[in-house]
Amino acid sequence: MKCRRCRAPAVIDVRRHNAGFCADCFTRHCREQVRRAIDDHEMIAPGQRVLVAVSGGKDSLGLWHLLRALGYETDGLYVGLGIGEYSDESGDSARAFAHEHGWPLLEVDLRATYGFDVPSGARAIRRVPCSACGLSKRHVFNDAARANGYDVLATGHNLDDEAAVLLGNVLRWETGYLGRQHPVLPAAPGFVQKVKPLVRLGERELAAYCVLTGIDYIVEECPMAAGNRHLGYKELLNEIEERSPGTKAAFLFGFLERGHERFAADAVEERADLHPCPECGAPTPADVCSFCRLRARATRVIPVAAENSA
Ligand code: AMP
Ligand code: FES
Ligand code: ZN
């Protein structure tokens with residue numbers, strides 16, 4: 001197979017585009033896909049400061065590398081979630097990458113800063129770890145970006161991630177989530193803008209980008225995510241994609257172009273009655289935000305019964 005652009009021997013084929021690429025043209029293709037996502041969805045305005053959330057995996061390190069290659073002077077943010085060896089290794093990977101390039105990396109450790117970690121948080125609310133994890137990451141990303149003067153927070157969610165989330169939301173007709181599922185969540189009082197510049201690139205493309213550009217990433221996935229619903233949807237979509245290449249992209253991009261708008265009202269309604277959480281100031285529809293409730297339960301000191309305390 002030959003490179004679609006320069007006719008040199010191809011090193012990767014992207015079935016969705018029915019094309020092969022040589023290494024140089026492939027990295028250019030990745031940059032163009034990110035450029036296009038940023039432009040099409042007006043993700044980053046000139047002069048805005050961008051913070052990239054990096055986990056040490058291929059998507060987020062690839063994203064940081066791509067944004068820098070496109071001229072965005074982005075800094076990184078790593079959040080220590082306290083998930084045993086996995087977190088140690090993902091922190092090491094993010095730090096090594098930042099150090100190698102001399103790019104600033106902010107670090108927030110959930111236990112040191114907020115007094116709990118993902119496993120203890122999940123136990124306290126009796127939910128699966130991923131739900132305590134997702135809630136904590138969303139809160140800490142926003143908090144860290146605001147506290148350090150960033151306007152935009154970028155995450156490494158790719159085409160495969162977004163298509164799997166879309167499938168889950170459609171299967172349950174989660175209209176509020178569908179209204180919010182977009183590569184850009186605009187800034188609002190208390191919220192920085194959230195963007196997903198990798199929506200036009202699949203998981204396999206990110207892995208190839210990292211290998212071809214020499215990015216050393218951790219291959220292990222979070223051990224707590226094994227068997228979760230999201231991974232199941234990814235596998236199902238991969239089976240469909242295998243039979244008819246391009247379906248995943250058509251599903252996601254079709255929704256963004258023709259479906260999303262129809263659910264936007266549901267999301268606006270949810271954002272309308274937000275007020276600052278009295279504990280942390282984050283916008284919430286409840287008395288106290290869900291992160292502060294999680295934190296309170298996870299860090300609660302069990303009172304000693306009166307008869308035992310004398
Ligand atoms: P996940 O929720 O694990 O699918 O990760 C989605 C995105 O969140 C990644 O691409 C990163 O941008 C970001 N992310 C995940 N884990 C961390 C972490 N521990 N620290 C900073 N960013 C993270
Ligand atoms: Fe959050 Fe695994 S990364 S539970
Ligand atoms: Zn709060």
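What radius of gyration does the protein chain have, and what value would a compact globule with 310 residues have?

1. Overall dimensions. The structure under review is a predicted model. The protein chain has a radius of gyration of 21 Å, which agrees with the value near 19 Å that a compact globule with 310 residues would have. Taken along the principal axes, the box filled by the C-alpha atoms is roughly 85 × 45 × 40 Å.

2. Secondary structure and packing. The protein chain comprises 13 helices and 10 strands. Of its 310 residues, 47% are buried. Where contacts join residues at least 6 apart in sequence, 70% of them link residues at least 24 apart. The accessible surface amounts to about 16000 Å², and carbon and sulfur atoms account for 51% of that area.

3. For reference, the ideal angle for four tetrahedral donors is 109.5 degrees.

4. Is Cys277 buried or exposed? Cys277 has a relative accessible area of 4%, so this residue is buried.

5. Lys58. This lysine lies in helix 2, which covers residues 58–69. Its relative accessibility is 12%, so Lys58 counts as buried, the cut-off being under 20%. The side chain of Lys58 forms a polar contact at 3.4 Å with the side chain of Asp59. Leaving out residues up to four places away in sequence, Lys58 touches Glu203, Leu206, Ala207, Cys210 and Tyr217.

6. Ala154. Which strand holds Ala154? Ala154 belongs to strand 6, residues 152–154. With a relative accessibility of 0%, Ala154 counts as buried. Apart from neighbours within four places in sequence, Ala154 is in contact with Val50, Leu51, Val52, Ala53, Leu63, Leu67, Val195 and Pro197. Among these partners, Leu63 and Leu67 fall within the residue range of helix 2, 58–69. The C-alpha atoms of Ala154 and Arg293 are separated by 26 Å, the two residues being 139 apart along the chain.

7. Backbone at Asn18. A colleague inspecting the backbone may wish to look at two residues with positive phi. Most residues other than glycine have a negative phi. Asn18, however, has a positive phi near 50 degrees. Asn18 sits in the loop between strand 1 (12–14) and strand 2 (19–21). Its relative accessible area of 73% means that Asn18 is exposed.

8. Backbone at Glu42. Where is Glu42 placed? Glu42 occupies the loop between helix 1 (23–40) and strand 3 (50–53). Although Glu42 is not a glycine, its phi is positive, at about 45 degrees. Glu42 is exposed because its relative accessible area is 66%, where the cut-off is over 50%.

Note on methods. Residues numbered from 1 in each chain as written. Chains lettered and ligands numbered in written order. Predicted model: local features only at pLDDT ≥ 70, side-chain atom pairs only at ≥ 80, totals over all residues. Heavy atoms only, no water. Helix = DSSP H or I, 4+ residues; strand = E, 2+ residues; numbered from the N terminus. Buried < 20%, exposed > 50% of the residue type's maximum accessible area, 1.4 Å probe, protein only. Polar contact = N/O pair within 3.5 Å; in protein donor to acceptor, adjacent residues only side chain to side chain. Contact = heavy atoms within 4.5 Å. Rg over C-alpha atoms; globule rule 2.2 N^0.38 Å. Areas by Shrake-Rupley, 256 points an atom, 1.4 Å probe, with all protein chains shown as cover.
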